Amino acid sequence: MDLSFSPEDEAFRKEVKDFIAEHYTDDIRDQVSRSKNGYIDKHLHVKWQKSLAKKGWATPNWPVEHGGPGFTATQKYIFDVEMSGAHVPHTVPFGITMVAPVIMKFGTEEQKKKFLPDIQETNVWWCQGYSEPGSGSDLASLQMKAENKGDHYVLNGSKIWTSVAQHADWIFCLVRTSNEGKRQEGISFVLVPMDSPGVKVEPIVCLDGSPAPHQEVNQVFFDDVKIPIENRIGEENKGWTYAKYLLEFERGNAYSPGLYHSLQNIRKIAADTDIDGGKLIDQPEFKAKVSDIENQVRAMEFTELRIFSALSTGGNVGPESSLLKCRGTELQQACTELALEAVGSYAQPYVEDTLIQSNEPDVGPSYAKVIAPYYFSVRKTSIFAGSNEVQRNIMAKAVLGL
Ligand SMILES: Cc1cc2nc3c(=O)[nH]c(=O)nc-3n(C[C@H](O)[C@H](O)[C@H](O)COP(=O)(O)OP(=O)(O)OC[C@H]3O[C@@H](n4cnc5c(N)ncnc54)[C@H](O)[C@@H]3O)c2cc1C
């Protein structure tokens, strides 16, 4: 079996590297290096996304008929590895990765024409209105109401933990359109402009203080908000089907390229850290921990390649996305624990200003300042997109048939 890359693949790798060298400019790099949760100023995110869109690479997972680049499985792998290795800004997922596949599969032709090009070009930002106070894991209990008035709906209620709602132009929401029958059969999927009268966004300040540009979660209130009936995706009361389809995309990411990047980073830190007259990277106990995680990442990578290569013909991940989400986020957390150990006492000073912009010198090496905030931020990954406990329930039922 020949596992080497072809000359064409290596030429593609060079093209990706050249693109990064040209478009990953210092202003974006600087903010990424200071970000504790991957978010940077909106205008810099948009600048990066637009450069990708111009090249035709903003939507690597989209089918060609909707403007995807038509990467082969190998090109997609190379693209992910190079982008993660360079630590470029992550794609804000709510438009490109989440609502777009739902519009492609269940939307009308008008909805596809209206929404997809702007999502691809990052002309509009989306956020996700699933969770409500009291409805997280048990999402089907959601109460936000949409009254059908013939040609429009009137929305009342609220959504919570809504990431980056403060920047969003649109929100996709699950709403209750019926209280009859099974709870899942009274839910619809609607698209709401955030500038509609009656929509209000309030930031949720987390333990870390969450100042701009890092502020992440919000509560969104809807008070007699009117939206046209055409803003509903698919059929009324069938929203649960569309919502589950979207979750496969939310959970079904490739984690291993980012995990390899984290391990590379840990090795660099450990090579720079003095301990017992030598370097941490040479300490057998630490080396064993790095190797252990690396082996698990390798196993994860093979699982991802197996699942994603089956997708190259344009399907969806299915309930196996829960497996990727569980293992991927557990390993993300393991990497942040090891990075914290490697950076040692320099993880302790937490100077918020140096994360944003400051003339204050860093305490310790410059890479140290984000390690602890990032460690804390990554605790969220086993909660959002459905907690890992709930993912295990899904795997037990839908994958293992227990
Ligand atoms: C940083 C962050 C960003 C988020 N962004 C968004 C967003 O943009 N849009 C959005 O709609 N939502 C968002 N969420 C919400 C997220 O989806 C929910 O937090 C998640 O689904 C868990 O729901 P909950 O917080 O209500 O916890 P609960 O459902 O109350 O769960 C509490 C605990 O009980 C456990 N548990 C619950 N049910 C079971 C069960 N059946 N079996 C075993 N254990 C169970 C859970 O695992 C958890 O440990 C975000 C959350 C976070 C932390």
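## Contact between helices α9 and α10

In this predicted model, residues Phe286, Lys289, Val290, Ile293, Gln296, Val297, Met300, Thr303, Glu304, Ile307 and Phe308 of α9 meet Leu323, Leu324, Arg327, Gly328, Leu331, Ala334, Cys335, Leu338, Glu341 and Ala342 of α10. Sorted by class, this contact of α9 with α10 comprises 14 nonpolar, 3 polar and 4 charged residues.

## Geometry of the helix pair

Two packed helices are described by the angle between their axes and the distance between the axes. Helix α9 spans residues 284–309 and helix α10 spans residues 321–343; they pack at an angle of about 155°, and their axes are 11 Å apart. Angles over 145 degrees count as roughly antiparallel, and α9 and α10 are therefore roughly antiparallel to each other. The crossing of α9 past α10 is left-handed.

## Aromatic pairs

Across the whole structure, a search finds 19 aromatic pairs. One of them joins Phe12 and Trp57 in an edge-to-face arrangement, with 5.8 Å centre to centre and 65° between the planes. This pair links distant parts of the chain, 45 residues apart: Phe12 belongs to helix α1, whereas Trp57 lies in the loop between α3 and α4. Phe12 and Trp57 are both buried.

The pair of Trp126 and Phe172 is tilted, because the ring centres are 6.4 Å apart and the planes stand at 40°. Here strand β1, which holds Trp126, is linked to strand β4, which holds Phe172; the two residues are 46 residues apart. Both Trp126 and Phe172 are buried.

## An aromatic cluster

Phe12 and Trp57 also belong to one aromatic cluster, together with Phe19, Tyr24, Trp48, Phe71 and Phe79.

Key
Residues numbered from 1 in each chain as written. Predicted model: local features only at pLDDT ≥ 70, side-chain atom pairs only at ≥ 80, totals over all residues. Heavy atoms only, no water. Axes fitted to C-alpha atoms, helices over the stretch in contact; angles between N-to-C directions. Helix = DSSP H or I, 4+ residues; strand = E, 2+ residues; numbered from the N terminus. Parallel < 35°, antiparallel > 145°, perpendicular 65-115°, else oblique. Left-handed = near helix turned anticlockwise from the far one by under 90°. Contact = heavy atoms within 4.5 Å. Nonpolar A, V, L, I, M, F, W, Y, C, P; charged D, E, K, R; others polar. Phe/Tyr/Trp six-rings, centres within 6.5 Å; stacked < 30°, edge-to-face > 60°. Buried < 20%, exposed > 50% of the residue type's maximum accessible area, 1.4 Å probe, protein only.
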